[in-house]
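Trainee: I'm new to this structure and would like a close look at a single part, the sheet and the helices packed around it. Could you walk me through that part?

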Amino acid sequence: MSKHTHTQPTTGHDGPLAGRIALVAGATRGAGRALAVELGRSGATVYVTGRTTREHVSEVGRATETIEETAELVTAAGGTGIAVPTDHLDEERVRALVGRIDREQGRLDILVNDLWGGEHLLTGSVFGKKSWETPLADGLRILELGVRSHVITAALALPLLVRSDAPLHVEVTDGTAASNRRYRENLYYDLAKNAPIRIAFGLGQELAEYGGTAVAVSPGFLRSEQMLAHFGVREENWRDAIAQEPGFAIAESPHYLARAIAALAADPDRAARWNGKSTSSAELARTYDVRDVDGSRPDAWAYFEDVTYGGKKGSADDYR
C-alpha cells in the first residue's frame, strides 16, 4: 500500500477530523483520556490504549479509570472509540495493536504518544534525591515508562502513519524545550521528560518528506485525576487545593491541552508552523483561540518563569 493510501471513513460523524484515524497511546486517564475524547469530538476514529482495564489494574494502582471507559467517552463525544489494552513496553503487544489498525483501517493519520504512568515513583523514590540516592531500579523504570515505551511505539507505528496524506505525531511530555533548560529535580526524571522533545525534533526531520508533522507538547500544571486525588479535591472544587499548594492556582484541566492539540490536528498548515518544535498548551491555545473549561487561558510555564523563578510580582490570575 502506498504512503498516500486513502480509505473510506469508518463512521459518518461530522467534524474537522471526520474520517481520520488516530491512536492515543496512554489514554487511560489524564491528558491522554482528554485528548482521545477531543479527537473523537472532532469526528475521528480513535484507538485508545492503556494498561488498566475493568479486569486488570496497572502499577499506577488506580482502578477508577479504565481504557474501556475512555473508549466509551470518545464515542459519546461523537467519534468512534476503540479500546485496545496494551502495554507499550511489550513489543509484541504493540505489533499486534498496529497490525489491528492496519487490518481495520489501512492507515493511521494521528499518533499521540502520551505514555507515562510513573507518578507513583516520583514522591517516594525520586524527587528530593540525588541520582545516586535514587533506587536504581526505580530510576530505570522511569526511563522505561517515559522513554523506551515512546521509542517502541513510534518505531512500530510510524510505517503505518506515513501512509497518511498528512501524518501527525505528537509527543506529550512535561515541560517545553525552554522550560526544561532548568534541571528537572532528578536525573532520571529530567531524561524522561526531555527525551520526547528530542524524539519530536528527530522525527520532524524524518517525516518532512511525507508532508508530516512531529511536535512535542506540554501541558502546564495539570489537574489530572491523579493530581486532584493527591490534593483530596475534585474538579468542581479544585481551587480548595491552593491552600496546600499555592502554585496550583495556575492549574489547567486536561481538556485545555486536548482542545489545543485537536485544533492543531485540524490545521492544514501545521507542518509549517510546528514540525520538529516543542510547544505548550498555552502557546497552542493562543494560536488557535482555545480556552480551558472555565473560559480562562492559563500559561503555567510563563508564570513559573516570571514569578516562581524570576521573582516578578504577579499572581496566577495575571497568567490566566
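Mentor: Axes here are lines fitted to C-alpha atoms, for helices over the stretch in contact, and angles run from 0 to 180 degrees between N-to-C directions. Helices (H or I, at least four residues) and strands (E, at least two) are DSSP runs, numbered from the N terminus. With that in hand, take helix H1 (residues 30-41) and helix H2 (residues 67-77): their axes are 7 Å apart and the two pack at an angle of about 30°. That angle is why H1 counts as roughly parallel to H2 (under 35 degrees is roughly parallel, over 145 roughly antiparallel, 65 to 115 roughly perpendicular and the rest oblique). On the H1 side you'll find Arg33, Ala36, Val37, Gly40 and Arg41, which meet Glu69, Thr70, Leu73, Val74 and Ala77 in H2; contact means heavy atoms within 4.5 Å. By class, that contact has 5 nonpolar, 2 polar and 3 charged residues (Ala, Val, Leu, Ile, Met, Phe, Trp, Tyr, Cys and Pro count as nonpolar, Asp, Glu, Lys and Arg as charged, and the others, Gly among them, as polar).

A word on where this comes from: it is a predicted model, where local features need pLDDT of at least 70 and side-chain atom pairs count only at pLDDT 80 or more, while totals for chains, interfaces and linings use all residues. Residues are numbered from 1 along each chain as its sequence is written, and side-chain values use heavy atoms, with hydrogens and water left out.

Now the sheet. It is open, with 7 strands in the order E3-E2-E1-E4-E5-E6-E7 and parallel pairing (two strands pair if DSSP finds at least two bridges between them). At the edges sit strand E3 (80-83) and strand E7 (278-280), each pairing on one side only. On average, neighbouring strands are turned by 20° against each other, direction ignored.

Zoom in on strand E4 (residues 110-113). Strand E1 (residues 21-25) pairs with E4 in the parallel sense over 4 bridges, and Ala25 has Asn113 as its bridge partner there. E4 is also joined by 4 bridges to strand E5 (residues 168-172), again running parallel, with Val112 opposite Val170. Both faces of E4 are covered: Ile110 and Val112 on one side, Leu111 and Asn113 on the other, are all buried (under 20% relative accessible area; exposed is over 50%, partly exposed in between, with a 1.4 Å probe and protein chains only).

H3 lies across E1, E2 and E3, at about 165° to E2. Helix H6 (residues 187-207) lies across E5, strand E6 (213-218) and E7, at about 165° to E6.

H3 has a helix partner as well. The axes of H3 (residues 91-105) and helix H5 (residues 136-161) come within 10 Å and cross at roughly 30°, so H3 is roughly parallel to H5. This crossing is right-handed too. Among the residues making the contact are Val94 and Val98 of H3 and Ile152 and Leu156 of H5.

Key
A crossing is left-handed if the near helix is turned anticlockwise from the far one by less than a right angle, and right-handed if clockwise.
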